[in-house]
Amino acid sequence: MPNRRPPETPAPADAAARRAVPPVICYPDTTLPHPAEDMLAGARSGLVLRDSVTVPPREARCFRARAGQVIRIRSIEGPQVGDLNLWNAADLSERFYSGKTRALHGTHVTTGDRLWSSFPSLRPMATVVRDTLDWYGIDSFGAAVHDVIGTRCDPYTHALLSDGGQYHHCCHSNLTRALAAGTGLPAAEAERHVHDVLNVFMCTGFSRGTGQYIMKASPVRPGDHIDLLAEIDLLGALSACPGGDCGAEHSSDTAPCHPLLVEVFDCALTADWTPPPVNAYDRSHGTG
Ligand SMILES: [Zn+2]
């Protein structure tokens, strides 16, 4: 672990035995409500394009999808990573919960995984219904695509790591400007609603030796897409990350960047879709 101090505490006599305890899955797949196969099939049939938004490089744009519509995020022109925020269109306080999605499904999402909302709603906001990069799996570096482990590139970390450098096209700032434009909120208020993202098309993991966050050039190519079934009415914002394919760096204007396309479709499920209820916990927290 080159970045960490060497241990000061001697290992106990039974260190090997303690390390050898096998792990268990925190949230086994079997305990989660899974989307039914007919839901995936319905979300893939009868697609009728209703709206499309092009996200320029190093910028973000908002889009809206009604419950039961399908959001397609598509690579066009060249490899590009996108940082996605999602909100309940009627209540911005219900927003995508990257950390709980990670705990429930794993570090990266693909077809059949759900994007869960924040407390107290904790319900599926969207379900991944198609992922043309599902072939990638987990590579020999431990990296995979569409992570919920990164947060978003942001100007505060950039300033921290660059002796006060100012950069205004990090995904955090792009999402802030897009949400302000999409809602009419002042930028300072919009910023408070920006949250940890789904890193669409980004290829990431943790270094096996040091546990550090790693990224590598995304395997995405023009034509690839990830499709999300909106389970509730959604306001979304997508940033075309200044890192481009995120193979080298971000928070700068040096990486080649490309636009992304967001398309919103009706599908076979749209007309009769019933949004999932909010979470069943009574919120009394033991206070009687
Ligand atoms: Zn970014």
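1. Let's start with a proline: P120 sits in the loop that links β6 and β7 (124–131). The peptide bond between F119 and P120 is cis, with omega at about 0 degrees. Please keep in mind throughout that this is a predicted model.

2. Now for the overall picture. The protein chain holds six helices and 13 strands. Along the principal axes, the C-alpha atoms occupy a box of roughly 65 × 50 × 45 Å. Buried residues make up 42% of the 288. If we take contacts between residues at least 6 apart in sequence, 74% of them connect residues at least 24 apart.

3. Which residues have the most contacts inside the largest nonpolar core? They are L228 and L234, in a core of 64 residues. Setting aside residues up to four places away in sequence, L234 touches R64, A65, L86, W87, A89, M125 and A126.

4. After α5 comes G184, with a positive phi near 85 degrees.

5. Helix α3 (residues 98–105) has S98, T101, L104 and H105 as buried residues. Looking down the helix axis, these buried residues fall within an arc of 130 degrees, so they line one face of α3. Their cover includes β6 (114–116) and β9 (198–206). Here too a glycine follows the helix: G106 has a positive phi, near 125 degrees.

6. Strand β9 also has a partner worth a look. It runs antiparallel to β10 (residues 213–216), and four bridges join the two. Across this pairing, F206 stands opposite Y213 of β10. The hairpin has six residues between its strands, and G211 in this hairpin adopts a positive phi near 75 degrees.

7. The loop between β12 and β13 (260–266) contains G244. Is G244 buried or exposed? It counts as buried because 23 C-beta neighbours lie inside 10 Å, where the cut-off for burial is 20 or more. Beyond its neighbours within four places in sequence, G244 is in contact with P79, Q80, A255, P256, C257 and H258. For H258, the C-alpha to C-alpha distance from G244 is 6.7 Å, with 14 residues of sequence between the two positions.

8. C246 belongs to the loop between β12 and β13 as well. Its phi is positive, near 60 degrees, in a residue other than glycine. C246 counts as buried because it has 24 C-beta neighbours inside 10 Å.

9. One more backbone angle to view on screen: H146, in strand β8 (residues 144–147), is another residue other than glycine with a positive phi, near 65 degrees. H146 is buried, since 28 other C-beta atoms lie within 10 Å.

Terms used
Residues numbered from 1 in each chain as written. Predicted model: local features only at pLDDT ≥ 70, side-chain atom pairs only at ≥ 80, totals over all residues. Core = buried A, V, L, I, M, F, W, Y, C linked by C-beta atoms within 7 Å. Buried ≥ 20, exposed ≤ 12 C-beta atoms within 10 Å, placed from the backbone. Contact = placed C-beta atoms within 7 Å. Arc of directions from axis to C-beta. Pairing = 2+ DSSP bridges.
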